[in-house]
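Please have the model open in your viewer, with residue selection ready.

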Amino acid sequence: MDSLRRVEAEVIACRACPRLVEWRERVARERRAAFRDERYWGRPVPGFGDPHAELLVVGLAPAAHGANRTGRMFTGDRSGDVLYAALHRAGYADRPTSVHRDDGLTLTGAYVTAPVKCAPPGNRPAPDERERCRPFFARELRLLRDVRVVLALGDFAYRSVAAELGLRPRPRFAHGLEVRLPDGRHLLCSYHVSQQNTFTGRLTPAMLDAVLARARVLAGR
């Protein structure tokens, strides 16, 4: 019988994409100067959170010196700082920071994942790499049976969710976009929490808070 725990184990053990395996392991060996004394995770990164989540947050892929270092999605970098602080303000996280997979952070009512489980060079997975990873993402969507709202962070996440959940026609991505899915659930969109967006003010904490507040309403919180 399939389970999120089984998906997690299979994700961590996966070596299906040679380019991504070489990249993630090279990054883990060479390390960034600021983290030279740390031991990098250097493996695929599974989803994280409450198995009974009502909110599913979907990103793109692990960051080379973020999740690829810490072993938890959106953890150990500026993107994660923004996301988990917002989840804490919205009542989904028990603390505003996420530094490592063993730091004790707990999510209640939320689950965080990405369609691609390995850090890709330049944050750009190839189409064949996305397809090899797709079954993991599809299984997560199927196993998270209590999800009422999916929050897609960025266009890549939006297109991935739309493809898996049969959204046709697919409206053009926009921050704040809200779509009713064929199964009755809701899909919300936000700009990605990347430094490129948060440092330039394209995505502000208030904008992210507003999307999460809407997610809470749609989820019946």
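Which helices each supply at least two residues of the lining of the largest cavity? Helix 2 (18-30) and helix 5 do. Helices here are DSSP runs (H or I, at least four residues), numbered from the N terminus.

Before selecting anything, note that this is a predicted model, in which local features need pLDDT of at least 70 and side-chain atom pairs count only at pLDDT 80 or more, while totals for chains, interfaces and linings use all residues. Residues are numbered from 1 along each chain as its sequence is written, and side-chain values use heavy atoms, with hydrogens and water left out.

**Stop 1**

Select C14, C17, L20, C118 and C133. Of the 16 residues that line the largest cavity, these are the closest to its centre. A cavity is a set of points on a 1 Å grid over the protein atoms alone where a 1.4 Å probe fits but cannot get out, and lining residues have an atom within 4 Å of a point. The search of the whole structure finds 1 cavity of 30 Å³ or more, and the largest holds about 100 Å³ of space; volume is the space filled by probe spheres set on the points, which are joined across faces, edges and corners. The lining has 11 nonpolar, no polar and 5 charged residues. Here Ala, Val, Leu, Ile, Met, Phe, Trp, Tyr, Cys and Pro count as nonpolar, Asp, Glu, Lys and Arg as charged, and the others, Gly among them, as polar. Helix 5 gives the most to this lining, with 4 residues.

**Stop 2: helix 1 against helix 5**

Select residues 4-13 for helix 1 and 127-143 for helix 5. They pack at about 165 degrees with axes 10 Å apart; axes are lines fitted to C-alpha atoms over the stretch in contact, and angles run from 0 to 180 degrees between N-to-C directions. Helix 1 is therefore roughly antiparallel (over 145 degrees) to helix 5. The contact (heavy atoms within 4.5 Å) is made by L4, R6, V7, E10 and V11 of helix 1 and F136, R139, E140 and L143 of helix 5. By class, these contact residues are 5 nonpolar, no polar and 4 charged.

**Stop 3: helix 5 against helix 6**

On the helix 5 side, colour R130, R134, F137, A138 and L141. Their partners on helix 6 are F156, R159, S160, V161, A163, E164 and L165. This contact divides into 7 nonpolar, 1 polar and 4 charged residues.

Terms used. Angles under 35 degrees count as roughly parallel, over 145 as roughly antiparallel, 65 to 115 as roughly perpendicular and the rest as oblique. On a 1 Å grid over the protein atoms alone, a cavity is a set of points where a 1.4 Å probe fits but cannot get out, and a pocket is an open set with protein on both sides within 12 Å along at least five of seven lines; lining residues have an atom within 4 Å of a point.
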